[in-house]
Amino acid sequence: MAFYHPLLILISLSLTLSAATQQPFLLTVVNNCPFTIWPAIQPNAGHPILENGGFCLPALSHRSFPAPTTPWSGRIWARTHCYTSPSHHFSCATGDCGTGKLECMGHGGAPPATLAQFSLHHGPTDQSSYVVSLVDGFNLPMTVTPHVGNGVCPVVGCKGDLLATCPRVLQVRASGGHVVGCKSACEAFGKDEFCCRGHFNSPQACKPSGYSEFFKSACPSTFTYAHDTPSLTHHCSAPHELKVIFCH
């Protein structure tokens with residue numbers, strides 16, 4: 001019969017209990033909108049695709065899945081007003097990723113779309129950084145809400161429905177005439193001063209415009225142009241969950 005020292009037994013029990021009580025790091029996408037949306041996920045180059053890059057999320061429902069356990073960065077957004085044609089081609093009025101399918105499989109979305117951007121598991125204290133960006137325009141209210149976590153872990157995002165107040169020159173309308181998206185000035189006009197390109201590709205040269213100020217005044221904690229600085233900064237270590245909430 002094997003003999004185990006009591007101290008080894010205690011250590012083994014301690015490690016087992018620690019593993020059992022340690023919560024996995026979750027990403028949760030919540031649809032608080034009164035209609036179906038089709039969330040999409042795009043990893044940065046070299047990082048794995050999560051949840052096949054896209055799925056359907058009915059009104060007032062959510063979907064949780066494990067976050068990567070190694071450093072990961074990417075973005076999440078919602079596609080809206082989607083349908084499947086008689087030839088089985090899937091497409092959306094906003095945020096469409098161009099695959100013709102429900103799953104984006106690593107492809108990005110067409111603007112305008114409200115974006116949540118993430119950088120997970122970086123730095124010596126396992127930090128998770130997250131921002132909500134309106135640099136590519138707006139299609140739905142969105143916040144990122146952390147659960148637990150150490151350090152400064154604010155809720156960031158844009159809770160207002162900017163479709164109702166979007167300047168006419170930035171509006172994207174569906175075939176029925178209703179506004180489904182609000183373009184950025186870069187997308188609407190394509191000028192270097194709005195896109196922070198060419199001679200304007202620096203924080204000193206690229207300044208906010210009246211159009212970016214429309215987004216910033218409604219949603220100060222978001223990025224509204226390429227060299228913007230949001231009002232909230234954070235250093236959030238080891239959160240148990242990050243929730244992307246649409247129509248918060």
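**Figure 1. Disulfide between cysteine 186 and cysteine 195.** The sulfur atoms of cysteine 186 and cysteine 195 lie 2.0 Å apart and form a disulfide, defined as a pair of cysteine sulfur atoms within 2.5 Å. The model is predicted: local features need pLDDT of at least 70, side-chain atom pairs count only at pLDDT 80 or more, and totals for chains, interfaces and linings use all residues. Residues are numbered from 1 along each chain as its sequence is written, and side-chain values use heavy atoms, with hydrogens and water left out. The S-S torsion of cysteine 186 and cysteine 195 is about 100 degrees, so this disulfide is right-handed. Cysteine 186 is partly exposed at 26% relative accessible area, whereas cysteine 195 counts as buried at 11% (buried, under 20% relative accessible area; exposed, over 50%; partly exposed, in between; 1.4 Å probe, protein chains only).

**Figure 2. Disulfide between cysteine 33 and cysteine 247.** The S to S distance of this disulfide is 1.9 Å. The link of cysteine 33 and cysteine 247 is right-handed, with 85 degrees about the S-S bond. The pair connects distant parts of the chain, 214 residues apart: cysteine 33 belongs to the loop between β1 (26-31) and β2 (38-43), and cysteine 247 to the segment after β14 (241-246). Strands (E, at least two residues) are DSSP runs, numbered from the N terminus. Cysteine 33 is buried, at 0% relative accessibility.

**Figure 3. Disulfide between cysteine 97 and cysteine 104, with cysteine 56 for reference.** The sulfur atoms of cysteine 97 and cysteine 104 are 2.2 Å apart. Their S-S torsion is about -90 degrees, so the disulfide is left-handed. Both cysteine 97 and cysteine 104 are buried. For cysteine 56, the closest cysteine sulfur, that of cysteine 82, is 8.5 Å away, too far for a bond. Cysteine 56 is partly exposed, with 36% relative accessible area. The disulfide count comes to eight.

**Figure 4. Salt bridge between glutamate 51 and arginine 63.** The side chains meet at 2.8 Å, N to O; a salt bridge is a side-chain nitrogen of Lys or Arg within 4 Å of a carboxyl oxygen of Asp or Glu. Glutamate 51 lies in the loop between β2 and β3 (61-66), and arginine 63 in strand β3, 12 residues apart. Glutamate 51 is partly exposed at 26% relative accessible area, and arginine 63 is partly exposed at 31%. A search of the whole structure finds four salt bridges.

Methods
Helix = DSSP H or I, 4+ residues; strand = E, 2+ residues; numbered from the N terminus.
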